[in-house]
Amino acid sequence: MRGYLLIFLMFTTFLASANTIVVDKHGLVNTLKQGIKMAKPGDTVLLKKGLYKEGNIIINKSIHLVGIDEPILDGEYEHEILTISGKGIFISGIQFQNSGSSSMNDFASIHAVDASHFVIENNTIINSFFGIHIANAHTGIIRNNTIKGNPKNEQNTGNGIHLWQCTNMVIRDNHVEGHRDGIYFEFVTHSSIKNNFSTHNIRYGLHFMFSNNDAYIGNIFRNNGAGVAVMYSQKVIMVKNHFDQNWGSNAYGILLKDISDGQVIGNIFHQNTVGIFLDGTNRMEVHKNTFTANGWSMKVQANCDENTFHHNNFMNNTFDIATNGTRMQNEFYNNYWDKYEGYDMDKDGIGDVAYHPVSLYSMIIEQNPNSLMLMRSFMVTLLDKAEKAIPSLIPENFADQSPRMKALKL
Amino acid sequence: MLKISKYVLYDIARNKVAIAYTLFLLVISLSFFQMEANSGKAVLSLLNVVLIVVPLISLVFSTIHWYNSYEFIELMLTQPISRKKVLLSEFSGIASSLVTAFLIGVGLPVLIYNPDNIGLALIIVGTLLTLSFTSIAFLASVKSKDKSRGIGIALLLWFYFALIYDGLVLMILFSFSDYPMEKITLLLSSLNPIDLGRIYLMLQMDISALMGYTGATYKEFFGSNVGLFYTIGIMFIWIIVPIMLAVRSFNKKDL
Amino acid sequence: MIRLTNINKQFKKLHALKDINIELSKGQAVSLIGPNGSGKTTIIKCILGLVTPNSGQIFFDDININEQVAYRSRIGYMPQIGRYPDNMKIGQLFKMIKNIRDTESKLDEELYYKFKLDTILDKSMRNLSGGTRQKVSAALAFLFDADVLILDEPTAGLDPLSSEILKEKILDEKEKGKLILITSHILSDLEELTTDVLYIQEGKVIFLKSLSDLRQETGEEKLNKAIAWHMKNSMKHDLRYIKIAK
């Protein structure tokens, strides 16, 4: 919020003494480069409708670049299109297309380096290597952009929105599609990702590395190659996101790898191969989430400790939870499990016997994946029932001691 | 042929077992849907009925009916009617009455309470399983001379297809777990109509989990309609081949 | 009309028919005679296609019976023990058979009425006495005015009155020049009804002769005597072999 205020104040002060330069294909100033050259800090450059092929355009002073009727900047598959650095730059309403791609340089449609107090909004970016690439920046807003890549494979496609070494950033209301990672964070702190829609990306819808104290809220991650990955980070808050249809042998709603002290609240996991995959994850709080129609709601690896899972709904999942170990200190309470078959004699809404969310069969599958073929067979049902009666293989302490009888209204 | 089927059907319609079967299914289905607030869970319970009870009843009922209508079959064979016709009429008579019982007992409640693609899959699988196990029962009945042996064989077949077979498959999968088993696993499931029906249902209910499989064969099988067509196709083979073998054997049989 | 060539039939260990060669023609009324278990019923079942021979062929009007089933529409068959669907009623049974045969020729309902089956149409097959069952079987066999009548123990279990009715009917049909094949234990009945005798024993045809030839040969008027003579002769024959063997 403070960032917004700062930027707002910044703009109002600039506007007082600002000039406007119009760039038009048929006008006096007919190239963008010329327009930018003429502009002084605080000026606005209006870019009129048209197709501009000017190679790499560089802005390194605090000006506003505003497109009128979606002018097109074309990189001709050769150049980085727009490079900005410095303070107080504003880019809006432009369509970027066909940026260069290279295995040496991270060519992008919009590249911000050493920038701060900038806004990139209402742009359309198509056919880019990287969409928006921000490095070494702070205090910026990236909002309402539409970024569509033309995915070939993981190697020659960059990320949709890529942030490296940033702080105090806001990424919101963007639509990212067809890149390697939809949104990528590395060494980004104190930033938020809100209401974005990330879909059909080759690898992750959202990829977090070494980024602490961030929040992502209300985003939709649908049908990405491997869902969302949050790795090697601390104090990340994930709230009210949708994780849908992330299918594949290594696809997860969220992959939490070496994560600690975060919260996963009020999210919806629907039709993912695995809802949440926890690996080396500690002290996470997972609550008020809804897991429906997933292959596995969660896979909790043996190296996870002191996580708490409570007040979640687990419904119509093939398996509730799978694990590869037996000794673990994680806590489950007050969840609703639709597979629970216990009773509630005292009518307090809490089942009187514990629920074991790890079935024998899910343990068998961990060892021999081919035996997934026998799912729902009479024999598997008998095995599971036998194990319930005389537990011997499933982790005994992996249990919800107070399962709810009815689903929570979330 | 229709003429004879008409009389077979008429005979079964008067048979109380068929009516009892219909009512039994109806009561079970309705009570599942009444008991469970979540209709998806009721469908899950019905899945076990479809995979276990339907094959059992289809086998036993068809076998008993076959022996009980032996007189009728003999009478028909002294008439200018070919054996193939008599057998196929009997088959279509029994099969259609069992399918009708299933559609009333399970199909109707499912369509009322849970009319989605899973419900529909359940109805398709139940119908195909009824047909294939009736077909298998005919083969077993024609091959075995007396009633008690015929029923014994029917029960054994059920036990084999419903339980033992999957146990064997699990054993095979574990003993050869070091080898690539993709195609073999799919092949093994083709050798049991119950497994085929189960996989067809899995493709509707558990696609999220199935997509977790590694391997190109599985990807193709689960990720597209290949799996659906494959399971349905092989189930049709499980309907057609046993009854055709039964016809062949019946043509040579002495009465 | 019906020709059996080199028919052999083996039931597991029992060699039921051994190289049977016979030809039966129109106008013949043949008594099929032999001790119990000699293969009488098996021959009949072979002709009807209920039993498939291991080797040999059966022709009906020179067409192999394996090739089509239509020939059965020209046979009226009365089984030894009529077995019918239990929960059918007499009326329904007749209706069904008529429906299935779907014949255009005129029905012969003489026996149907003479046995008064029309008065018990609502009786269920399950509750019928053996005699009534036989009546039903007989009425069905004659119903379609078939060219060939195959009657397996037709009078067994019938009361004397019904038995007479049936015999008269058989005679009438014989007069019409049909081929009639009858098995019976009551040789005196056969004597009245038939023109030829087919005698088989242990699956082998001992002889197929006209009744008059048989009488001439044996010098016996009565069929049972004639048969007994033959049996004795064959025994003598056997005894001779035994003596030689010794």
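**Helix packing and chain contacts**

Trainee: Which way does H3(B) cross H9(B), left-handed or right-handed?

Mentor: H3(B) passes H9(B) in a right-handed crossing, that is, the near helix is turned clockwise from the far one by less than a right angle. Helices here are DSSP runs (H or I, at least four residues), numbered from the N terminus. Bear in mind that the model is predicted, with local features needing pLDDT of at least 70, side-chain atom pairs counting only at pLDDT 80 or more, and totals for chains, interfaces and linings using all residues. Residues are numbered from 1 along each chain as its sequence is written, with chains lettered from A and ligands numbered from 1 in the order written.

Trainee: And what's the angle between helix H3 and helix H9 of chain B?

Mentor: About 165 degrees, for residues 39-68 and 193-205, with the axes 11 Å apart. Axes are lines fitted to C-alpha atoms over the stretch in contact, and angles run from 0 to 180 degrees between N-to-C directions. So H3(B) is roughly antiparallel to H9(B), a label for angles over 145.

Trainee: Which residues of H3(B) meet H9(B)?

Mentor: Leu47(B), Leu51(B) and Pro55(B), and they meet Ile194(B), Gly197(B), Arg198(B) and Leu201(B). Contact means C-beta atoms, placed from the backbone, within 7 Å.

Trainee: Switching topic, which chains share the most contacts?

Mentor: Chains A and B, of the 2 pairs in contact. There, 28 residues of chain A touch 29 residues of chain B.

Trainee: Which helix of chain A gives the most there?

Mentor: Helix H4 (residues 378-389), with 3 residues.

Trainee: How far apart are chains A and C?

Mentor: Their closest C-alpha atoms lie 38 Å apart, and no contact joins them.

Terms used: Helix = DSSP H or I, 4+ residues; strand = E, 2+ residues; numbered from the N terminus. Parallel < 35°, antiparallel > 145°, perpendicular 65-115°, else oblique.
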